[in-house]
Every structure is written in C-alpha cells, then in structure tokens.
Amino acid sequence: MTTAEHPAVRPALASLRRARELFLLGQQLPDGVPEDVVAAWKRARFFGVRHDVQDPAAGAPRHSLRAPEPPLLNAARPVLDRIAPTLGTGRTSLVLTDERLRVLWASGQGPSDPCHDLSEQVVGHNSAALARHTHRRAEVHGPEHFLDLWQDVSAVSVPVRAPETGRLLGTVTVASGLCAGCGPHPGAPLAEAAAIAVEAELLSRSRAAERVLLDAYLRAVGEQAHPVVALDGRNRLVSEAAARLLSPEGLEALERGAGALLSEGAGSGAPSALRRIRLPDGTGRTAVLTPVPHLGAVVGAVAVLDPVGPTVVASAARTVVGPAGRSVPWRHAVGRAVELAESAEPLLLIGERGTGKTSLARELAANPLTMDVAEGELRIDTAELVNGHPVLIRHVERLAPPDTAALNSLLAAHPGVPLLVTYTPGTPPGPCLQRLLDTLAARSVTLPALRERPDDIRELLTALTPRPTPGRPPLTWTLDALRALERHPWPGNVTELAHLVRALAEHRRTTGPVRRSELPDPVREGPAPRPLSPMEHAERAAILEALRRHGGNKARTAAALGIARATLYRKLRGYRG
C-alpha cells in the first residue's frame, strides 16, 4: 500500500505534448511544464535513448532461458496468473519487473509491444522507473513518456518490497490506453492489489523458510552431541554449547560460509554440497556446513562444530540475556544487542512500552547507574561515564529540549562512553531528540513487540510466574487459556503479561490449571474470529507501519495512505486484535 506519485496539477495533455515536441527540437519550453518531467526527458537524452525507436528492447540483454527462476518471480507467478484473467480483452497489460527494472513476467493485450527492460537507460521516462526512484506508486501519462511509441499510453506502477526488510525487490505495472483525466489511473487499485498480494506471498514463503531452518536446527541439536549453529543471512540460531565455544571471528566465518552456500544454491537452482571450513580461533577447530533446502532453493545452513582442539570460552557477555524467548525475532534482536554491548560505546534500545528494553539493558551492562526521565530531571555524572561506569537513561523520548541538547553535547565531546538509552516511539521527535536518535542510530536495536513473537508466550509464562507459597501448587494453564494468551495482541507487551500472571498468582482462589474463563475479558474474548486473508494481513501491516511512522496520528496516516479517515477507522476496527 503506497501513496501516489504524480504532479499536484498535471498540465493539459495537449500542451504537454507540444512542450515535448519543443524539447525534442531543442527549443525553449513554455512555462508550466513540470520540472521532474523535463528532468526525466533530459536524462533520457543523456543516456542516448532515441525517442523514435520502434523496438526499445532490441538492444537490451535478455534473460538466459537456462537461468533459475528469480525468487520474486517464483513467488509472484501464482499471484499474477490468478489476476491476469481479470485484464479482459482490452488494451491493458500487467507487468512485473525486478529491482533493476528487467521484465520478469507480462500478460494482457498491452497498448504497445512488450519490452524486456524498463530502465531509463533503455526506454527513458516511465512509471516503473519513477516508482523505483520514489519508492511510491507512480503514474506516467502519454507525452510524459520520452518514447514516441508510448505517447498514447498511461501506466501506473507500484513498488514491491521485501516484507521483512522493506528492501525494493521490483515493481508491478498496469499499462493501458491514454487516460484523459487527471485523477488516479483506473488500473491503480489492480496494481496495488497485485503488489500487496505478491508481498503477502513473499512473507508467507519467508516464514515457511524460517520454520524449515528452525526445524533443521532443532533436529541437528537433538541428533548431534556437538555444538550447532543455524544461519540464513538474517537470522542466527546458536546452541548453548556453540555460544561457549565460538568467538566473534568464528561466527563471522560461519556467516560467510553460509552466505556462499546461499549464493551457490541461488545460482545453480540445486542444493549445494556440504562444506567444511576452518574457524579462525587458533584451535584448529572446523565446522561442517550443511545447506537447508526449501522449495528448490537453499534457504540457510546448519553448521556442526567438531569437538577437536581446546575449548575457547567466549566472553560471558555473549550468553543470551534478557527476558525469556526463543523465537527468531527475539533471538535476533538480543543477539545483535549482545554483539554491540561488547564494546563500551553508546547503545540505543528501541521498542514499544513493555517490550523489555530496560531489563535487557540491565543484563547487558553490569550495575548501570539508572536514570528514569519520567521520574525527574536528567543529571548525568560525566566523570562516571568517562571513567567507564555504564549509565542507563530510560524514556529518553521524555527529555526536555535543554537536557537533550546537553546529552548531545556530551556525546559530541565523549563519543565512546558506555551509555545505554531506551526509546519508546510515539509522537514525532523534535529537532534535538532527532539529532540524538540520528547519533545513536548506527548502534541501535529494535526489540520486537510481544504480538510479533507469540511463540514465546509459554516460555515467558514460566519465567514470569512467581514461586508458589508453601502448600500451594504452581500456576499452570489449560490449553484453551494458552491459545487465548497467544492470540491476544498485548498492547502492553511483556509488562502487561507480567501483571496478568502476578494478579492470577496472588488473587486466584481456585485450584487446578488456569482456565480461559478466568482471564480478563479482552484476553478471553480474543481477536476477531474471521481469519484475515494474506492480502488483508499485508494491508494491516502497511497501515500499522504508517501509523508508527506518523506517531499514531490517524489524520496524517490516512493522508499518507491516500484514504479517507473514515476508511482508516473502519479498517482498524475490522483488523482489531
């Protein structure tokens, strides 16, 4: 879901057509021609694009028929094949490109011959190139194109992003005959829906691949007596035995080996062979990397360390710390925080309220001097910091501008002090706070919300349940109650869960496992009973991301998404829970 990219007032097509003719003749342009369109025409001329070319794909390289199908096309093909029949028999086409604007898939009776490359270097200005540049939905109509061939074509393109990283993967374009009006392209809803569906399919496959990697890791841990590490380029699962043995350099070597296996699997389309690598820890220890296949591709690798050589005990700071949890998002965040905390430099922990930022910070630093901005003014002992004693500042988003400026000055004078800062996003930060966040951005970790790691609920219950008083049984849970807890969105995150567990442990008068009927109403009733479709999941994620970017302001969020506020409220009510 993206906002449209087009001029606020598009000049009449006839006058724009005349302006293009003057540009091609090298004459003075009239006033009122959009600067971005003129700049695009100039880029096309700089790239040597001929406006009168009849076959723009003639000189463009084509994909090898023997090359493996790109992952984007592999995920998008079933989605686009379902959408293609809706194009009908009119002059409408649907096109998918990769991040370099090479056409991967096309269907429909387009207004012009198919092109194999939509980059500006080949065809000049077009909607796909504009969407790639702006990372937003983009439209290009008739004479805005550089090519004569597309003077009677209107097109709208929507970027396709990696659901987990936001990285641009490609574009979806709907092209049709020239649209005379200045409103949104009539194919915009179709392009938006196609992009959302493709991203949902990518997310589904990514999660499936993570599950396959986790299963392979658990099997290796259960079958092998040796230390085990699983890697996929984004996530890292490390057994306790491996954490005790591996140095940072050893982990980097495993990451490089896993990356090589992933590249070989992507290049050949077949699973890679086993690979043995020597770890750079001076012990002569080696590890065997086994590729993990899924749907014909290599999605990760499992490394089993040989028990040869003396034991290398890694720093105690490298053990898994913080609140309980073994889910991939949590382990990734904690692992990243542990790595950054190994050097006594500033560290920024970001997350919603109750996600465990302070608990993790106190595990990362030994006996930090803690200052809670919500409870009073900021008073930092500069000497303590400079001498290496860690300081933890909670709720930095509540700092007054003078205190924020003082903290900025401190970091400018002493950039290597052991300072830990927690930040809860909310209202847009002011200039002083934004400068502080920018300074700490390179050493920041975002903790996932509890709703993003429901698999950790059961382990958290065990960790949060207080010890029973003598003569009373420990707190246990029925399966129905556990399912209700795992489905609850937990707006207060781990803190909210801890309050619920403590209240039940202290005030419960019945015996036996906790039943669903004993849970608070919002938890007991659960979210909406209707399961969301993949497209609705993707749309909901886009709305929540926009709300986060705009500090929860629904008016600005609706404007950014290009929908009415009433529509946003209706969607939020429909997706609640």
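These legends describe close-up views of a predicted protein model. Residues are numbered from 1 along each chain as its sequence is written, and side-chain values use heavy atoms, leaving out hydrogens and water. In this predicted model, local features need pLDDT of at least 70 and side-chain atom pairs pLDDT 80 or more, while totals for chains, interfaces and linings use all residues.

**View 1. The whole protein.** The protein has 20 helices and 16 strands. Helices (H or I, at least four residues) and strands (E, at least two) are DSSP runs, numbered from the N terminus. Of its 577 residues, 46% are buried, meaning under 20% relative accessible area with a 1.4 Å probe, protein chains only.

**View 2. An open sheet of five strands.** The strand order is S8-S7-S11-S10-S9, and the pairing is antiparallel. Two strands pair if DSSP finds at least two bridges between them. S8 (236-238) and S9 (275-278) stand at the edges with a single partner strand each, so one side of each lacks a neighbour in the sheet.

**View 3. Strands S10 and S11.** S10 (residues 286-294) and S11 (residues 297-305) run antiparallel, joined by eight bridges.

**View 4. Helix H15.** Within H15 (residues 479-487), Ala481, Leu482, Ala484 and Leu485 are buried. Down the helix axis, the buried residues fall within an arc of 160 degrees, so they line one face of H15. The arc is taken from the directions from the helix axis to the C-beta atoms. Their cover includes helices H14 (457-464), H16 (493-507) and H17 (521-525).

Technical notes:
Buried < 20%, exposed > 50% of the residue type's maximum accessible area, 1.4 Å probe, protein only. Contact = heavy atoms within 4.5 Å.
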